Amino acid sequence: MNKVETSFLHKNQFGDDFLWGVSTAAFQIEGAHDTDGKGRSIWDVFTSQKGKIKNGHHASIACDFYNSYQNDIDLIRELNIPNFRFSISWPRIMPTGVPPINQAGIAYYNKIIDALLSAGIEPWITLYHWDLPHDLELKGGWTNRESVNWFSAYVEICVQSFGDRVKNWMVINEPSVFTGAGYFLGIHAPGKKGITNYLKAMHHVTLATAAGAKIIRNRIPDAHIGTTFSCTHIEPATQSSKDIEAAKRVDTLLNRTFIEPILGMGYPQGDLPVLKKLNAYIIEDDLNNLSFDFDFIGLQCYTREVVKSSLLIPYIGAELISAEKRNVISTDMGWEVYPPALYEVLKKFNAYNGIKKIIITENGAAFPDTLKNGKVYDIKRTHYIQDHLEQILKAKKEGLNVDGYFVWTLTDNFEWAEGYNARFGLIHVDFDTQQRTIKHSGLWFKDFLS
């Protein structure tokens, strides 16, 4: 590998203040599922159920980050990555989701924060990355309105414990994904289905996002506070009015439903009538309590979706045409490789008033990586990252608001329902030995950031 492989991309083209980082999530990397007093999460329970995860995989050990965090932090430093995004495991802090507090959990995250700061790496905390304490799910989880208070109490503890050293906070990760997959489709934890579960969870998660952000602001006035949204560029399959309208409904569901209430615009019920059912769960001052003036918004974009009208699909009357059916290049997740999607998403979110700063808090790709002679030559991932950085550069040159880029992810990990089959890491993990090997993409990123 040599510098010529960076093509025309140079770090300095993005500006001195552009943020470079890598993102992870506690459940996907930590393992140590019942160590030092940690309680069970909904994902611990979900992965123990037969047929939920490909090949029966589970995350009891995962990447063993719980025990190997110092080694992995050393690797982050070796790759010249200045910012590390990781999440706090709620059941590690509060085993049942509510007090008492597990001091061993607090101590663990203090060790991570201190190790990062010692290495000259800035910690970025995500407070909720999908691992709700199972005991709270037994009480309804996010479908229970009390979840806003449960989450608020958890945020208070985290801010009190870590706020003296951590300035960068993300409240909730990708609410559209974990509410849709976990409370409507049932393909992610906790495996619930149905429109009622979904709408209740959606509303309570949005309330909790604003409530959590307000707690951080009150406790740490100079904190840099954001929250993250999954977003996908949506295109109609044809220019027929039916397909165009179908694409608009899917775009509303995937890209607008969570950001617009946060911005004080309310839910986009006019463009997705099923959202009117939310009115049954909106009480008192809810609409005012949905919004917060975030310092930044994290966008997580991987692909585009092509949509056609379908009367058979309830609530949205639309169907996604898979990358396979369209015969386009795709990743191991079945997602089309389409770098312009990132540019289009940036244009879309730049059109909103009230967004101060946009950071791409996740972007990356899963490909079938092979370790051969101690090396992983993942040229497809390297090109994926380069091509998406080109789209960010294009957006910046047009004056669009984009202030950072975090790769998903540091190491190969437990990829939710895909188990260990989908490898996203800049670093290869042998899950039998826990051996780490920096991939070509990681070496390229290191060179780029030097």
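This is a predicted model: local features need pLDDT of at least 70, side-chain atom pairs count only at pLDDT 80 or more; totals for chains, interfaces and linings use all residues.

Student: Which residue does aspartate 295 form a salt bridge with?
Tutor: The partner is arginine 217, and the closest N and O atoms of the salt bridge are 3.0 Å apart. This pair links distant parts of the chain, since aspartate 295 sits in the loop between helix 12 (286–289) and strand 7 (296–300) while arginine 217 belongs to helix 9, 78 residues apart.

Student: And is arginine 217 buried or partly exposed?
Tutor: Arginine 217 is partly exposed, with a relative accessible area of 23%.

Student: How many salt bridges does the structure hold?
Tutor: There are 28 salt bridges in the structure. One of them pairs lysine 192 with glutamate 137, with the closest N and O atoms 3.0 Å apart. That pair also links distant parts of the chain, as lysine 192 is in the loop between helix 8 (175–183) and helix 9 (195–219), whereas glutamate 137 is in helix 6 (residues 134–137), 55 residues apart. Lysine 192 is partly exposed at 22% relative accessibility, and glutamate 137 is buried at 10%.

Student: What about lysine 38, which residue does it bridge to?
Tutor: Lysine 38 forms a salt bridge with aspartate 44, and their closest N and O atoms lie 2.8 Å apart. Aspartate 44 counts as buried because its relative accessibility is 13%, under the 20% cut-off, and lysine 38 counts as buried at 10%.

Student: Switching to the backbone, where are the cis peptide bonds?
Tutor: A cis bond joins proline 99 and proline 100, with omega about 15 degrees, and proline 100 lies in the loop between helix 4 (90–93) and helix 5 (103–118). The bond from alanine 189 to proline 190 is cis as well, with omega near 5 degrees, and proline 190 is placed in the loop between helix 8 and helix 9.

Student: Is tryptophan 416 buried or exposed?
Tutor: Tryptophan 416 is buried, with a relative accessible area of 4%, whereas glutamate 284 is exposed at 81%.

How values were computed. Residues are numbered from 1 along each chain as its sequence is written. Side-chain values use heavy atoms; hydrogens and water are left out. A salt bridge is a side-chain nitrogen of Lys or Arg within 4 Å of a carboxyl oxygen of Asp or Glu. Buried means under 20% relative accessible area, exposed over 50%, partly exposed in between (1.4 Å probe, protein chains only). Helices (H or I, at least four residues) and strands (E, at least two) are DSSP runs, numbered from the N terminus.
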